[in-house]
Amino acid sequence: MSWVGQSVPRFEDGRLMSGQGQYIADLAPVPGIRQAAILRSPYAHARISGIDMSQALALPGVFGIVTGADLSTILAPFPVGVPIPMKYFPLAIDRVRYVGEPVAVIVAESRYLAEDAADLIRVNYQPLPVAMDVEASVQGGSTWIHDDVADNLANHRTFRYGDPEEALKSSDLIVEERFFYPRNTGIPIETYGVIAHYDQSLGDYTVWANFHGPFTLHSVMAHALKVTTQKLRIKTPTDIGGSFGVKSAVYPYMVLMAATSRLLGIPVKWVEDRLEHMKASSSASSRISYLTAGFSSDGRLRALKLRQYDDVGAYIRAPEPATLYRVHGNLTGAYDVANVSLENFAVLTNRVPTGLVRGYGGPQLYFPLERMMDIAARKLGLDPADIRRKNLIRPDQFPYRTASGGLYDSGNYQQVLETALNEAKYEQFRSQAAGGKGPMRYGIGMAAVVEPSGSNMGYVTVAYTPEERARQLPKSGAVSAATVAVDALGGITVQIDSAPEGQGHETVVRQIVADVLTVPPETIRVIAEMDTATTAWTISSGSYSSRFAAAGASAVHTAAVQVRDKLLALAANHLHTDVKTLRFEQGRVFHGDEASSWTVKRLAGLTHWHPAGLPTGTTPGVYETSYFSLPNMEPPTATDLVNSSATYGFLVDVAKVAVNVETGEIEILDYVTVHDAGNLLNPLLADGQIQGGLAFGIGSALYETLHYDEDGQLLTGSLMDYLVPTVSEMPHSLTIRHHHTPAPGVPLGAKGLGEGNVMSAGAAIANAVSDALGTEVLALPLSLRAVSDITGKGGGQR
């Protein structure tokens, strides 16, 4: 029996369901920890002319207060991912730039005292004009948020592939539209948490945090702390209570608490509350997209012209502008088109800085791209399914190089599309559900999405021009590390570098190693917590970009194979035979047809108890580490071509909706999603990821938006206002199906699938609503008010 590919229930659930999880709030790793609270700005943009801390410092139990002026004596600004003169510190120094920006850290005996002290601090603010409109900023119509960043333009790049101008000129139909994707966030159950301790004798920082990477940010933090990287030790807890990407942005608070610990001479702990998280943690970039597409009269897509404006908030915080460039290699989606023009703008506004949120870059791209396909189909008198059939990349074209440099590794997009249409009874619904009775309207829509996984670390350097990149060291690759060890009594331990936050990595690791060493999964111990001082890791380590299935699992597999090969070599030496005559079964090594065997325990024991008897060249112990590098991960070329991800899955979603034109309410009647993510390591967990991704996508399609007023005040700063879908809002019926086209170059043939439905759901639902209403949806979310405005009824509620 092979464990990989089986729906094994999660081993993690035993401790989590019995209250034995170990989260950051549970930890007290050093004695004498004091509690921190953060004083935050109530203004979106203002100068700080003075801070009076006297009353707060006089409060019994307060150990100290740290301000931006204090931090500036020991910190450097954070490095940013674009060449602009912007200084970003974890505390405001003389100017605040968004509501919720940290102004001071108060450390006290308890969190209660720290919060009370924060209320006693008096800050003199001098309000300044705010910049909230990205297009107005680029056109020179807004105040500058940073004195040296003209027109708030953090990044601007243009790209041209093929001959888009000529292709558009010769097209029979031109589709031009403006689309808007909203700013939203992840809402994990657990908020940010940090514990920091500065060892004054060594000058070392140790920081515990629910951070999950990317670990490129380790060097960003070390730079800000003005230390070499070995002086900053980062440790993650055993369990992280969800993230959906946003906890990658906990790192400024890690530096803030580390510096506070140094300045005050005590270890400090800070756990964010929900209102802080909503207001000041991180969010996805909202995007305005101007899309022009040229089609032939029979529906063939000939050219794409795309202009994108991302609102990145008050600071362009690493790893941004990742959202603009993560999907650069798959700009054209699932369609065979060679002529592409792209213009990117990353624009600063007086909002909270953006970061990685589940699917980052994908939903912002696919909402306009897939809406455009439906708009073109209607204008040409074609069925939306037929226009996709005409343009999907054919099976015989794989591996397929996109216009912008992506290398799609494998797939059969037509099969996936037809399975989705059949499962949804697409033709039957279209013929029966046209129109509607009374206030109800019915529609069906689809989205076809290429899902990237395993990001190439070089993709974000496309934000630089080729000339700027030529002056830097090249960046590329997607490497993951894992260690498999067998102790003196045969116990197997695996250490991974993925810092999971609820995906079930520990279970899949057990399945992989159990297959290689032919032992029961429950006998294997997995260490998932990261420690940069002891864990094997790389700068691309972490849990993001759906990289575990391709990268993390491959590192585990290759490390386990190295262990197996060492044990087989030992057995061959003692049996005086060739390795090829041996086989692993049930945790034992057998020789040919002989009944006698050697257990893993006995073979490993030889390396521990009797190293003098080992063959020449064999090292004592069984402790194998693998650094697995995903294939085809080259730096961007001089012509801005980049394979921005290692593997590319594919999915098609079909949504059926009922829209009440009187109230604006949208009901998802039925939802079909069909995936090709290569070989599934654990179908049960895969379907769980799909369900979670779909819920996330439905949220951004129908409910979720971080809405600000003209003064930069957040109006949806609590879960009373920021609506997230619950079980009641999920589709009445959900069908999940799979195709399996293995990923070449990946040992287990697996691709990521945790983000695809985040990328597809908004487009599929918007297409279904457009079909129902007979009008074009150009913005998300489709709230009650938005639908009522579309139908002309008005009066809907946000």
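Which residues are linked in a network of salt bridges? They are Arg40, Arg111, Glu115 and Glu276, where a salt bridge is a side-chain nitrogen of Lys or Arg within 4 Å of a carboxyl oxygen of Asp or Glu. The model you have here is predicted: local features need pLDDT of at least 70, side-chain atom pairs count only at pLDDT 80 or more, and totals for chains, interfaces and linings use all residues. Residues are numbered from 1 along each chain as its sequence is written, and side-chain values use heavy atoms, with hydrogens and water left out.

**Salt bridges**

- The structure holds 36 salt bridges.
- In one of them, the side chains of Arg15 and Asp239 meet at 2.7 Å, N to O. Arg15 belongs to helix H1 (residues 13-17) and Asp239 to the loop between E11 and H8, so this pair ties together parts 224 residues apart in sequence. Helices (H or I, at least four residues) and strands (E, at least two) are DSSP runs, numbered from the N terminus.
- Asp239 is buried, at a relative accessible area of 6%; buried means under 20%, exposed over 50%, and partly exposed in between (1.4 Å probe, protein chains only).
- Glu109 pairs with Arg34 in a salt bridge, the closest N and O atoms being 2.8 Å apart. This pair links distant parts of the chain, 75 residues apart: Glu109 sits in the loop between strand E5 (102-108) and helix H4 (111-120), and Arg34 in strand E1 (residues 34-40).
- Both partners are partly exposed, Glu109 with a relative accessible area of 43% and Arg34 with 22%.
- Glu165 and Arg160 also form a salt bridge, with 2.9 Å between the closest N and O atoms. Glu165 is partly exposed at 41%, and Arg160 is partly exposed at 47%.

**Nonpolar cores**

- The largest nonpolar core has 169 residues, of which Met254, Met257 and Phe295 touch the most other members. Such a core is a set of buried Ala, Val, Leu, Ile, Met, Phe, Trp, Tyr and Cys residues joined through side-chain atoms within 4.5 Å.
- Helix H20 (residues 756-773) gives the most to this core, with 11 residues.
- A second, separate core has 55 residues, including Val516, Ala551, Leu630 and Ala743.
- Leaving aside residues up to four places away in sequence, Met257 touches Ala36, Ile38, Val105, Val194, Ala196, Val268 and Trp270; contact means heavy atoms within 4.5 Å.

**Helix H7**

- Helix H7 (residues 216-225) is mostly covered, with seven of its 10 residues buried.
- The buried residues are Leu217, His218, Val220, Met221, Ala222, Ala224 and Leu225.
- Their cover includes strand E10 (204-209), strand E11 (232-235) and helix H8 (251-264).
- After H7 comes Lys226, with a positive phi near 60°.

**Phe584**

- Phe584 is found in strand E22 (residues 582-585) and is buried, with a relative accessible area of 13%.
- Not counting residues up to four places away in sequence, Phe584 touches Leu517, Thr518, Arg564, Leu567, Leu568, Val589 and Val600.

**Pocket and cavities**

- The second largest pocket holds about 1000 Å³ of space. On a 1 Å grid over the protein atoms alone, a pocket is an open set of points with protein on both sides within 12 Å along at least five of seven lines, while a cavity is a set where a 1.4 Å probe fits but cannot get out; lining residues have an atom within 4 Å of a point. Grid points are joined across faces, edges and corners, and a volume is the space filled by probe spheres set on the points.
- This pocket is lined by 43 residues, and the closest to its centre are Pro182, Thr705, Leu780, Pro781 and Ser783.
- H21 gives the most to the lining of the second largest pocket, with four residues.
- The lining of the largest cavity consists of Leu291, Leu304, Leu306, Leu331, Val340, Ser341, Leu365, Pro368 and Leu369, and H11 gives the most to it, with three residues.
- The second largest cavity has a volume of about 60 Å³ and is lined by Tyr88, Phe89, Pro90, Tyr98, Glu101, Pro102, Pro252, Tyr253 and Arg317.
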